[in-house]
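Visitor: Hello! I am new to this structure and would like to learn how to read it. Could you walk me through some of its features?

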Number of protein chains: 2
Amino acid sequence: MKNPNIVILGAGYGGMMTTVKLQKSLGVNEANITLVNMNDYHYQTTWLHENAAGTLHHDRTRIPIKDVINMSKVNFIQDKVVSIKPEIKKVKLENRDLEYDVLVIGLGFEAATFGIPGLEEHAFTIGSINSARLIREHIEYNFALYNNEKEKKQARLNIVVGGGGFTGIEFLGELANRIPELCEEFDIDKNLVRIINVEGSPTVLPGFDPELVEYALNSLESRGVEFVTNAMLKECTPESITYEKDGELTQVPTLTTVWAAGVRANSIVEKSGFETNRGKVEVRKDMRTPDFDNVFVIGDCALIMNPENGRPYPPTAQIAIQQSDVVAHNVKALVSGGEAEEFEPKILGTVASLGHDDAIGVVLNNQKIFGWKATVMKKIIDNRYLLKLGGVGLLLKKGKFNIFY
Amino acid sequence: MKNPNIVILGAGYGGMMTTVKLQKSLGVNEANITLVNMNDYHYQTTWLHENAAGTLHHDRTRIPIKDVINMSKVNFIQDKVVSIKPEIKKVKLENRDLEYDVLVIGLGFEAATFGIPGLEEHAFTIGSINSARLIREHIEYNFALYNNEKEKKQARLNIVVGGGGFTGIEFLGELANRIPELCEEFDIDKNLVRIINVEGSPTVLPGFDPELVEYALNSLESRGVEFVTNAMLKECTPESITYEKDGELTQVPTLTTVWAAGVRANSIVEKSGFETNRGKVEVRKDMRTPDFDNVFVIGDCALIMNPENGRPYPPTAQIAIQQSDVVAHNVKALVSGGEAEEFEPKILGTVASLGHDDAIGVVLNNQKIFGWKATVMKKIIDNRYLLKLGGVGLLLKKGKFNIFY
């Protein structure tokens, strides 16, 4: 009898953890496990803002897949997914086609620019190692150009961050720490640099505890970040952005707009004919698609409603990692028998960093934390993931242990 | 009686060493010494190619003027020289005017592009800390962009160096070492990168010993540098350069052209009405201008003929530093009495580095050296200068001691 083919698409938090669990729970005689990913590395999406600001090298954020996956148990294919054909159980990659018996879709997110003119063409997004290090280099390059031009261009020193959500705020925190270093590096008066956050809601970090939001604003404003709330981005050009606030249009000259205000599920999912809700697959309790019994969806491509508030759970690393427990269990149950489990999210807490030396968060029982304590908690969360993913070896190699400065 | 005003323009090798010597030899009751420089730092022009390639940080190359000059003995003015009016003994700076009794002109060089179309606008030059670190950032930025574009642009990975003279060759050596590191940093196959040297003469390093030139070519070619000799640059655009060789035009797509094939004396000298030869002042044997008894010229702005071959001595750091002995002595003689000295260049040897781990050179008695021995000699020359300029303290801070790798 032929072994079933289990194909996992995407080596993000969900896909990677599912693969690691399956390679432990399934013997090579029970199933063929194939992992498909565009790059030969996995990366921690939640650290990319640090790479973008230049406060952490991107090699700290990425992990070679071969360092975590046992290549004698898992067939790794470096390729790009083009489309999925669930009716005929096939996946089309750029360079080949794959057949599967069981599929796990963990293709992550892409930026959503909501049709705002110029944003897709001229704004940067923090979505991958490539895009994050480009932001770092772009800011540095403009700082280097500044003193080389007779006519000084303020737009080179204005950095606009669109969106005051989680990613936006965390990026601002790193940037605020990085700018004084960059000014020293390029002989620029740091008072000339402007970091401007444009947020559509009345407050940044909507949904977060107001006291903690206040703390975050104070922390960032004291380091020079300007906040413009209740403001909608209207246009982005190569040399400026325009926002509308209180019915008035304001144009800010800038060569660096970072769009951190919108993500959507990878559009391959919708294009492949799955039933979707806001671009995501509203999965069954066992993480399978409504219409295909052999297809699981995990992470940012999966939609799960929170019955308490009638809104979807946010697309976080925490939830994707929790889902991998259920997905790995249920995939094994499907190919070698056993009871399926149901997914039940457990929100253990949320911590937003404000640079390496400050953070805010809500942990178990809604306890608020901030400052040093919160930065330590953030690092514990990050380190716990590395331990789960690759054991002590990976933790020691890529963990964050600088908790005392 | 009023103390005479000694004004030194430019804190390059010549101006800086002259100032250091005068602050030792002249008491504050004998003369007022004023040093004028655009930046508040001195830099080692002969190290800039390393900053441009990214193999040495520019802070290693520059030295804060206050670290070397005793500010209680020397009046330092950070300003830009606009013009000199020797008839009325005045110097016009951007922000003020200065009167002098004795003037030392050490205003260095600027790039000469010989009217080649587009070169001034689109090519980079290695002439200052600002321009050197811009080259570093420009190359990095293009490497960062490469993987972010759907349509890969080879022009981002082609680097053209115009000129195979001293600076060109030394820059190529650093670049050849740096590129593999950059490829790793930005996930680029290093076989895709092209480094192309375009030289008008039949050989690079014209005038150098042919055996050493052969050695240099082998060293650089083995690290991927391509040489096109007997070729004239015809045009530089933002996205390409065109050269002519054997009557044929070749266009190379590139976003990075570094022009290292021509320098001329600072044009302020010519514009200020001094008698010049090829833009330089052909100084008397005591380093004074032919027409003004109270004006000395040092370094790249001074022209001294070599009677042995009827050609001017090359504008090198070595000669500028030697001249400072004579200039400092003669300035003192002029203001407080004594015999003037005549300048006699002593060419102690020339070493061209080919990266941190290789070099070629000719030392005393025309002895040829290459490889490790030559790299050590190069570092000894560099370190000797630091010792002369700022003593053991400066040597330990900025010296090059990594001779064993």
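Guide: Gladly. Let us start with a term: a salt bridge is a side-chain nitrogen of Lys or Arg within 4 Å of a carboxyl oxygen of Asp or Glu. Side chains of opposite charge can pair when their charged atoms come close. Please keep in mind that this is a predicted model. In it, Asp59(A), Arg62(A), Arg133(A) and Asp187(B) are linked in a network of such salt bridges.

Visitor: How many salt bridges does the structure hold over all chains?

Guide: There are 49. One of them brings together the side chains of Asp187(B) and Arg62(A), at 2.7 Å from N to O. Asp187(B) sits in the loop between helix H7 (166–185) and strand S13 (194–198) of chain B, while Arg62(A) belongs to strand S4 (residues 62–64) of chain A, so this pair joins two chains. Asp187(B) is partly exposed, at 33% relative accessibility, whereas Arg62(A) is buried, at 8%.

Visitor: Which residue forms a salt bridge with Arg136(A)?

Guide: The partner is Glu185(B), with the closest N and O atoms 3.0 Å apart. Because Arg136(A) lies in helix H5 (residues 129–146) of chain A and Glu185(B) in helix H7 of chain B, this pair joins two chains. Both Arg136(A) and Glu185(B) are buried.

Visitor: And where do Glu244(B) and Lys234(B) lie?

Guide: These two form a salt bridge, their closest N and O atoms being 3.6 Å apart. Glu244(B) is in strand S16 (residues 240–245) and Lys234(B) in strand S15 (residues 231–237) of chain B; the pair links distant parts of the chain, 10 residues apart. Glu244(B) is partly exposed, with a relative accessible area of 28%, and Lys234(B) is partly exposed at 39%.

Visitor: Which residues form a negative surface patch?

Guide: For a patch, we look at residues without a salt bridge and with over 30% relative accessible area. Here the negative patch consists of Glu87(A), Glu275(A), Glu282(A) and Asp291(A). Glu282(A) is found in strand S20 (residues 281–282) of chain A and has a relative accessible area of 37%, so this residue is partly exposed.

Visitor: What about the backbone: what is phi of Leu205(A)?

Guide: Phi there is near 45°, a positive value in a residue other than glycine. Leu205(A) lies in the loop between strand S13 (194–198) and helix H7 (210–221) of chain A, and is buried, with a relative accessible area of 3%. In chain B, Met287(B) also has a positive phi, near 75°. Met287(B) is buried too, at 0%.

Technical notes. Residues numbered from 1 in each chain as written. Chains lettered and ligands numbered in written order. Predicted model: local features only at pLDDT ≥ 70, side-chain atom pairs only at ≥ 80, totals over all residues. Heavy atoms only, no water. Patch = residues over 30% accessible without salt bridge, like charges linked within 9 Å, V, L, I, M, F, W, Y side chains within 5 Å. Areas by Shrake-Rupley, 256 points an atom, 1.4 Å probe, with all protein chains shown as cover. Lys, Arg positive; Asp, Glu negative; His and termini not counted. Charge placed at Lys NZ, Arg CZ, Asp CG, Glu CD. Helix = DSSP H or I, 4+ residues; strand = E, 2+ residues; numbered from the N terminus. Buried < 20%, exposed > 50% of the residue type's maximum accessible area, 1.4 Å probe, protein only.
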